[in-house]
2 protein chains.
Amino acid sequence: MDDPRWLTPRQLRAWIRVVSVVELLPGALDSQLQRDAGLTHFEYFTLAMLSEAPHCTLRMTALARRTNSSPARLSHVIARLQGRGFVERTASAEDRRATNAELTEAGWQKLVETAPGHVATVRSSVIDGLDDADVADLDRIMGRILSTLDPTSRQRDGSEA
Amino acid sequence: MDDPRWLTPRQLRAWIRVVSVVELLPGALDSQLQRDAGLTHFEYFTLAMLSEAPHCTLRMTALARRTNSSPARLSHVIARLQGRGFVERTASAEDRRATNAELTEAGWQKLVETAPGHVATVRSSVIDGLDDADVADLDRIMGRILSTLDPTSRQRDGSEA
DNA sequence: CGGTTTTGGTTGTAACGGCAAGCAAACAAC
DNA sequence: GTTGTTTGCTTGCCGTTACAACCAAAACCG
């Protein structure tokens, strides 16, 4: 670590901007969802991931991977969502250690009600300011960052282990 | 909100990746800094912003803007950093409501010790995976996102009001 | 000036997330 | 089969953050 290889001005500026986005975006998403649906973005995203799974059901571990969260965090969040009736916990048939999280009818309903407003926020705060080339570049670059940030998850491009 | 204008597959994939990065990056930065220096990334960044200011001093409001934080959050963080001796609070001469935060010698020292390791992490987890074109694209796109996310801050490209 | 509003900052409380410890089931070894 | 290890998940506690209420100084306004 003697020579830290400092960033070039361009790299530094890009980095500062990344930091700003990373700092600001969660607040923007959370505040809309909290106001309109009483959900955090993480809770919303968790429900969304469940809704796309077969039978709206996923093992905790699989759900944790899809939501990029630690087991502990997911456990807390599922407990809350269960308390509100949006999710149910069921024991896995194959592995008695495992827990399945399943979206309830109420949870699906909540998601349906909430999605349009959320998508509108995503559009207005991020996507609509970008043209097609920007989106392609963004996709490519985020993919590269993810492949070093989290090499284990092959970014779930359709395939599931 | 009748027609939510759903995202195209490409937009959706890019968006999911952005969400993943936003979810994973803070943890990656925090864990290295916490382990090696006992600092959160936000604390580090706060010290860094102070270190670049004239006389290593900034008014709370100005510092809050540079760190994209609320006054309340900054107040808590400065209180902690002050308790550790890295920052001092001084009353502003011009405006008796205002508080200045000033980096102490110990704070500057801490920053100097911590920076190389942090830069190495930024490089290895983000920058080194990108070529020059990627960095240019990233800079451009983050700039566009910021301009809609936080229109008030002209992304401090050198100029200060 | 007196009264209102706006700005600058702090503090209290409650919620969320991280960490480490814990427990139970599965697996591996022999 | 019984011992040790790993996996899957949960829980408790603590630090951090958001939100709202708050106070004080400045600015505005007749």
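Helices (H or I, at least four residues) and strands (E, at least two) are DSSP runs, numbered from the N terminus. By that rule, chain A has 6 helices and 3 strands. The model is predicted, and local features need pLDDT of at least 70, side-chain atom pairs count only at pLDDT 80 or more, while totals for chains, interfaces and linings use all residues. Residues are numbered from 1 along each chain as its sequence is written, and chains are lettered from A and ligands numbered from 1 in the order in which they are written.

**Chain A as a whole**

- Read from the N terminus, the elements of chain A follow the order α-α-β-α-α-β-β-α-α.
- Along the principal axes, the C-alpha atoms of chain A fill a box of roughly 55 × 35 × 25 Å.
- Of the 161 residues in chain A, 35% are buried. A residue is buried if 20 or more other C-beta atoms lie within 10 Å of its own, exposed if 12 or fewer, and partly exposed in between, with C-beta atoms placed from the backbone.
- Two residues are in contact if their C-beta atoms, placed from the backbone, lie within 7 Å. Among contacts in chain A between residues at least 6 apart in sequence, 44% join residues at least 24 apart.

**The sheet of chain A**

- The 3 strands form an open, antiparallel sheet in the order β1-β3-β2. Two strands pair if DSSP finds at least two bridges between them.
- β1 and β2 (87-91) of chain A are the edge strands, each with a single partner, so one side of each lacks a neighbour in the sheet.
- β1(A) and β3 (residues 99-103) of chain A run antiparallel and are joined by 3 bridges. In β3(A), A:Ala101 is the bridge partner of A:Leu58.

**Two residues with positive phi**

- A:Cys56 is not a glycine, yet has a positive phi of about 50°. A:Cys56 lies in the loop between α2 (41-52) and β1 (57-59) of chain A, and it counts as buried because it has 20 C-beta neighbours inside 10 Å.
- B:Asn68, also a residue other than glycine, has a positive phi near 55°. B:Asn68 sits in the loop between α3 (60-66) and α4 of chain B.

**How chains A and B meet**

- The contact takes 51 residues from chain A and 51 residues from chain B.
- On the side of chain A that touches chain B, α1, α5 (105-125) and α6 (132-149) of chain A each give two or more residues. α1(A) gives the most, with 16 residues.
- A rotation of 180° with 0.0 Å of shift along its axis superposes chain A on chain B, with an RMSD of 0.0 Å. This is the relation of a two-fold axis. Copies are superposed by least squares on the C-alpha atoms of residues with pLDDT of at least 70 in both.
- 100% of the interface residues of chain A are also interface residues in chain B, so the copies meet through the same surface.

**The surface near DNA strand D**

- A residue is near a molecule or strand if its C-beta atom, placed from the backbone, lies within 6 Å of it. DNA strand D is surrounded by 27 residues, and the closest are A:Met60, A:Thr61, A:Ser75, B:Arg73 and B:Arg96.
- Two or more residues of this surface come from each of α1 (9-37), α3 (60-66) and α4 (71-83) of chain A and α4 (71-83) of chain B. α4(A) gives the most to the surface near DNA strand D, with 6 residues.
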